[in-house]
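This report walks through the fold of a single chain, from its sheet to its helices and a few individual residues. Please keep the sequence and the model at hand while reading.

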Amino acid sequence: MTGMEAASPPLPQRDRVQIQPPSPSIPTIDLSSSDPTPQVRRACSEWSAFHVINHGVPPSLLKEMRSLGVEFFQSPMEQKTTYSCDPTEGPTAQGYGSKMLARDGTVLDWRDYFKHYTLPLHRRDPTKWPHFIPNYREVVTQYSNEMERLAKRLLSIISQSLNLPPSYIEDAVGDLYQNIIVSFYPPCLRPDLALRIEAHSDMGAITLLIQDDVGGLEVLKDDQWVQVQPLEDAIVVILASMTEIITNGAYKCSVHRALVNADKARLSVATFHDPSMVRKIYPAPPLITAENRARYKEVLYADFAKSWYYGQGPDGERNIDALLIQ
């Protein structure tokens, strides 16, 4: 489990996940099918979020990543705080932190988290990741590489689903800036008093998320919250704000939230793929016609990120709406 390996070989037949009967959840797309593009087009346009199975990421790696996250958060506090976020770096700081903060008599987030800077490689510094758990750093490194490979593959499929060149969205985003956040939610005896992770849409291009069998992720569809049922070995794909701009609104960013559980702790691992702060994002010119004008203003990603963190923030509002051309 080292550096930048070649793409994973196809999964053996015995390891392939079978699509389950329809349930009230997001779509499930089998990436081993001959052409998943039509399904991706439908899922992006109707849901903005979907499961992928047979994606090439080893199921053992997904399990190991979740297990290491649980082990870290169950470790003694003095070990965890060795890797505490630097408060002088603000909300983007790498390391261990907690959102168990009171606000107006309620709880802000009800979660602990660990944020890793993983890509580009010059940002990746495993010495800032836990050392007291065997293989932690090696697993996160391999997980980062696999998520990058999958994100690029999905962005290619999404581009082609709009009749754009396969590399269009990846080229528009530029070098992917990847962060991995492992979130741990202890049991909450009064979940009605916890605000959990508030409804929000992600800032960047695409987010890949795994959750445990407790679940708790919900996505907003047609003004209704839909629970994302846990699906073993599947990865949740969440469209983010910059993809909405690049596709000129053909594909919306997903509004989603996370619920707490009264009886069980739960864990999720979210891998964010964003543009660099100096990248300018704007609608794809091939998607602009006389009948389909540009719907969004060009934005410097640093300015958008600043508005997300320090403006309205992730409180259920779509910060991207401020960029709509009236």
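Two strands are taken to pair if DSSP finds at least two bridges between them, and the elements themselves are DSSP runs numbered from the N terminus, with helices (H or I) of at least four residues and strands (E) of at least two. This is a predicted model, in which local features need pLDDT of at least 70 and side-chain atom pairs count only at pLDDT 80 or more, while totals for chains, interfaces and linings use all residues. Residues are numbered from 1 along each chain as its sequence is written, and side-chain values use heavy atoms, with hydrogens and water left out.

**The sheet**

The chain has seven helices and 16 strands. Eight strands form an open sheet with mixed pairing, in the order 1-2-12-9-14-7-6-3. Strand 1 (28–30) and strand 3 (95–98) are the edge strands, each pairing on one side only, and the twist from one strand to the next averages 25 degrees. Angles here run from 0 to 180 degrees between N-to-C directions, the axes being lines fitted to C-alpha atoms, for helices over the stretch in contact.

Strand 7 (residues 177–185) is largely enclosed by the rest of the structure, because eight of its nine residues are buried. Buried means under 20% relative accessible area, exposed over 50%, and partly exposed in between, computed with a 1.4 Å probe on protein chains only. Strand 6 (residues 112–119) pairs with strand 7 in the antiparallel sense over seven bridges; in that pairing Tyr-113 has Ser-183 of strand 7 as its bridge partner, and Lys-115 stands opposite Ile-181. Strand 7 also runs antiparallel to strand 14 (residues 266–274), to which nine bridges join it, and there the bridge partner of Ile-181 is Ala-270.

Helix 4 (residues 136–161) lies across strands 2, 6, 7, 9, 12 and 14, and runs at about 130 degrees to strand 9 (206–211). Contact means heavy atoms within 4.5 Å.

How do helix 1 and helix 4 pack, and at what angle? Helix 1 (residues 37–46) packs on helix 4 at an angle of about 85 degrees, with the axes 9 Å apart, and the two helices are therefore roughly perpendicular to each other. By the convention used, angles under 35 degrees count as roughly parallel, over 145 as roughly antiparallel, 65 to 115 as roughly perpendicular and the rest as oblique. Helix 1 contributes Thr-37, Val-40, Arg-41 and Cys-44 to the contact, and helix 4 contributes Ile-157, Ile-158, Gln-160 and Ser-161.

In helix 7 (residues 301–310), Tyr-301, Phe-304, Ala-305 and Trp-308 are buried. These residues cover an arc of only 100 degrees around the axis, which puts them on the same side of helix 7; the arc is that of the directions from the helix axis to the C-beta atoms. The face turned away from this buried side carries the exposed residues Lys-306 and Tyr-310.

**Individual residues**

Across the chain, 53% of the 326 residues count as buried, and among contacts between residues at least 6 apart in sequence, 75% join residues at least 24 apart. Val-236, in strand 12, counts as buried at 2% relative accessibility. Glu-64 lies in helix 2 (residues 59–73) and counts as partly exposed at 28% relative accessibility. The table lists C-alpha to C-alpha distances for one pair involving each of these two residues.

| Pair | Apart in sequence | Apart in space |
|---|---|---|
| Glu-64 and Tyr-143 | 79 residues | 9.5 Å |
| Val-236 and Thr-28 | 208 residues | 9.0 Å |

Some backbone details remain. A cis peptide bond, with omega about -5 degrees, joins Leu-119 and Pro-120, and Pro-120 lies in the loop between strand 6 and helix 4. Asn-163, in the loop between helix 4 and helix 5 (168–173), has a phi near 60 degrees, a positive value in a residue other than glycine, and counts as exposed at 73% relative accessibility. Asp-233, in the loop between strand 11 (224–227) and strand 12, likewise has a positive phi, near 70 degrees, but is buried, with a relative accessible area of 19%.
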